[in-house]
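The sequence and the structure come before the details.

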Amino acid sequence: MTPDLSVALGGLRLANPVMTASGTFGYAREFAQLIDLNRLGAIIVKGLSLQPSKGNPGPRIVETACGMLNAIGLENVGLDAFVSDKLPFLKTLQTPVLANIYGTNIEAYTALAERLNDIEAVAGIEVNISCPNVKLGGVAFGADARTACQVTRSVRTKFKRTLIVKLSPNVTDITQIARSVEEGGADAVSLINTITGMAIDIHTRRPKLANITGGLSGPAIKPVAVRMVWQVARAIQLPVIGVGGIMTAEDALEFIIAGASAVQVGTANFVNPRCTMEIIDGIANYLREQKIASVKDLVGSLTHDGFAGVDRCKIAGN
Amino acid sequence: MIQQTATILWNQQVGPACYRMGLACPQGYAKARPGQFVMVQSGPTPTPLLRRPFSIFGKIGASDHPEGIELLYKAVGRGTQQMARMTPGQTVDLLGPLGRGFHVPVNAEKIYLAAGGLGVAPIRFLASVLMHDRGGIDCTLFLGGRSQEDLLCPDDFRAMGISVTLTTDDGTAGQQCLLTDPLADAVQAQPPDLLCACGPHGMLQCIAGIAERFSVPCQLSLETTMACGMGACLGCAVPKAEGEEGYHHVCVDGPVFEAGRIRF
């Protein structure tokens, strides 16, 4: 039996649920020598702004226990160079390509959405309202439910294909933001972006990142991400894309069981460029072993059986 | 660029916490150039999580050993300490060759090489290629370190027929000064066609100044923290020279740069 790995996000059908997370996969060409890009479920390219952005000064990254902090500052080539220099290669792929977008005000998000709507090769967009490393934009839009709804609604009016909104974990109640994004007209939500963190060199008493704070990613954040995916999946009707510390198929399956329809692999691409291929194979093997016909049957299949004395209503979400 | 499993051929201590590791890697390194680097994962993740970057120290010939490369490293953190405990026959996951190496113009006849501490790794690979491929080329090495034990493999260079000037901070070997002192004197007295250097940031900054003062072409191999080594994470940013906006990425734009393209 060959299990069915396909999933749908709004109108977008993916051959399998494994996507690459924005900012960890460049513009895909970087990995072309190492993996078969056409096997990926989808590719989300580096966060894009209207104008080129040079990013933050270094040091931009530091390794921490089971994770890393980054403060890249959304360095990117800008929309025009993306279209002229990066898109031609991406068009040669069969894998759906999504653009991750950010702006410093609602107008900038909307203008990007409008331009990208005209580019058929961009199968969808992921709206970044959750970057912790830029002064304006990013998380400023993701921490307030009303603003998150406004950005989503404004982008929705200009972009007709799949619209994903990427949520920040750096909020009091992520389900509240998720609901407002749903109300704004998103097709799916992805979570979590990095968790704001900090590391200090005790010998110099300086921060290890020039930006002082950065976003924590990697296996260290996975339990937080699984918990938030579980919460959000129960709170909204939209498909949820699970992101955060996925290194292996087992990690991806945790997210799917928690309620994710698809997953994004991020930091693991740096550690093992082949990991996405291994994760796709591992999910298929698991389904085969478990005799599950479709990965869709696994989504949100968390069970409470076997825990004596546990309030069943808690897991069922009632 | 290939990701492959490489078998450790040897892992010998050659100085205080410094090791030479020979790796058999059947694919991809025939055309590796001096200055290029590899990303090594020496054990199961996630501790440490990220690969470690190392300049290629040399290639291993097919005559007496399997084809492969040699690395020179210092066990200073979790990743390199893990490497230091490994024994021949064990394997590492190797990604490479990566980055842009040194480019020595065909008409260059007189080359000065400058290496501080572990910065000797890409300089030795460069020297071996130049002495092998360019008959009659005149190479001089300036090798510096804190102490005698930090001067790694000067005999490798002498065996290639390269004249070696040693400096140490404590005077335990060679002249007691920074290597930039005799280097500056030599550049002034007999300017080379090219100056190639790798070492601590302060040393490279000083060498860039010497090269500018005497109008000598200069290529520097830079080191930064990096996560991926292949242009995806954008973590290894260094500022471009005055007058240019933005940053170079050490992993794909370098690690070897013309000195004039970097802002120190």
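A polar contact is a pair of N or O atoms within 3.5 Å; within protein, one atom must be able to donate a hydrogen and the other to accept it, and residues adjacent in sequence count only if both atoms are side-chain atoms. The model discussed here is predicted.

Asp85(A) belongs to helix α1 of chain A, residues 78-91. Its relative accessibility is 52%, so Asp85(A) counts as exposed, the cut-off being over 50%. Between the C-alpha atoms of Asp85(A) and Tyr27(A) there are 10.0 Å, although 58 residues separate the two along the chain.

Tyr27(A) is also one of the residues touched by Asn76(A), when residues up to four places away in sequence are not counted. The others include Lys46(A), Gly47(A), Leu48(A), Pro52(A) and Tyr102(A). Asn76(A) sits in the loop between β6 (67-70) and α1 of chain A. With a relative accessible area of 6%, Asn76(A) is buried. A polar atom of the Asn76(A) side chain lies 3.1 Å from the backbone oxygen of Leu74(A).

Asn193(A) is likewise a loop residue, placed between β10 (188-191) and β11 (195-198) of chain A. Asn193(A) counts as buried because its relative accessibility is 11%. Its side chain makes a polar contact with the side chain of Asn128(A), at 3.5 Å.

| Residue | Relative accessibility | State |
|---|---|---|
| Asp85(A) | 52% | exposed |
| Asn76(A) | 6% | buried |
| Asn193(A) | 11% | buried |

**Helix pairs of chain A**

Two packed helices are described by the angle between their axes and the distance between the axes.

Helix α2 (residues 106-117) and helix α4 (residues 145-158) of chain A have axes that come within 8 Å and cross at roughly 25°. That angle makes α2(A) roughly parallel to α4(A), and the crossing is right-handed. On the α2(A) side the contact is made by Ile106(A), Tyr109(A), Thr110(A), Ala113(A), Glu114(A) and Asn117(A), and on the α4(A) side by Gln150(A), Val151(A), Ser154(A), Val155(A) and Lys158(A). By class, these are five nonpolar, four polar and two charged residues.

Helix α7 (residues 249-258) packs with helix α9 (residues 275-290) of chain A at an angle of about 60°, and their axes are 8 Å apart. The two helices are therefore oblique to each other. Their crossing is right-handed. In α7(A), Ala249(A), Ala252(A), Leu253(A), Ile256(A) and Ile257(A) meet Glu278(A), Ile279(A), Gly282(A), Ile283(A) and Tyr286(A) in α9(A). This contact divides into eight nonpolar residues, one polar and one charged.

**Surroundings of two helices**

Seven of the 10 residues of α7(A) are buried, so this helix is largely enclosed by the rest of the structure. Among the buried ones are Asp251(A), Phe255(A) and Ala258(A). The buried residues of α7(A) pack against α6 (222-235), β15 (240-243), β16 (262-265) and α9 of chain A. After α7(A) comes Gly259(A), with a positive phi near 130°.

In chain B, helix α4 (residues 180-189) has Thr180(B), Pro182(B), Leu183(B), Ala184(B), Ala186(B) and Val187(B) as its buried residues.

Technical notes: Residues are numbered from 1 along each chain as its sequence is written. Chains are lettered from A and ligands numbered from 1 in the order in which they are written. This is a predicted model: local features need pLDDT of at least 70, side-chain atom pairs count only at pLDDT 80 or more; totals for chains, interfaces and linings use all residues. Side-chain values use heavy atoms; hydrogens and water are left out. Axes are lines fitted to C-alpha atoms, for helices over the stretch in contact, and angles run from 0 to 180 degrees between N-to-C directions. Helices (H or I, at least four residues) and strands (E, at least two) are DSSP runs, numbered from the N terminus. Angles under 35 degrees count as roughly parallel, over 145 as roughly antiparallel, 65 to 115 as roughly perpendicular and the rest as oblique. A crossing is left-handed if the near helix is turned anticlockwise from the far one by less than a right angle, and right-handed if clockwise. Contact means heavy atoms within 4.5 Å. Ala, Val, Leu, Ile, Met, Phe, Trp, Tyr, Cys and Pro count as nonpolar, Asp, Glu, Lys and Arg as charged, and the others, Gly among them, as polar. Buried means under 20% relative accessible area, exposed over 50%, partly exposed in between (1.4 Å probe, protein chains only).
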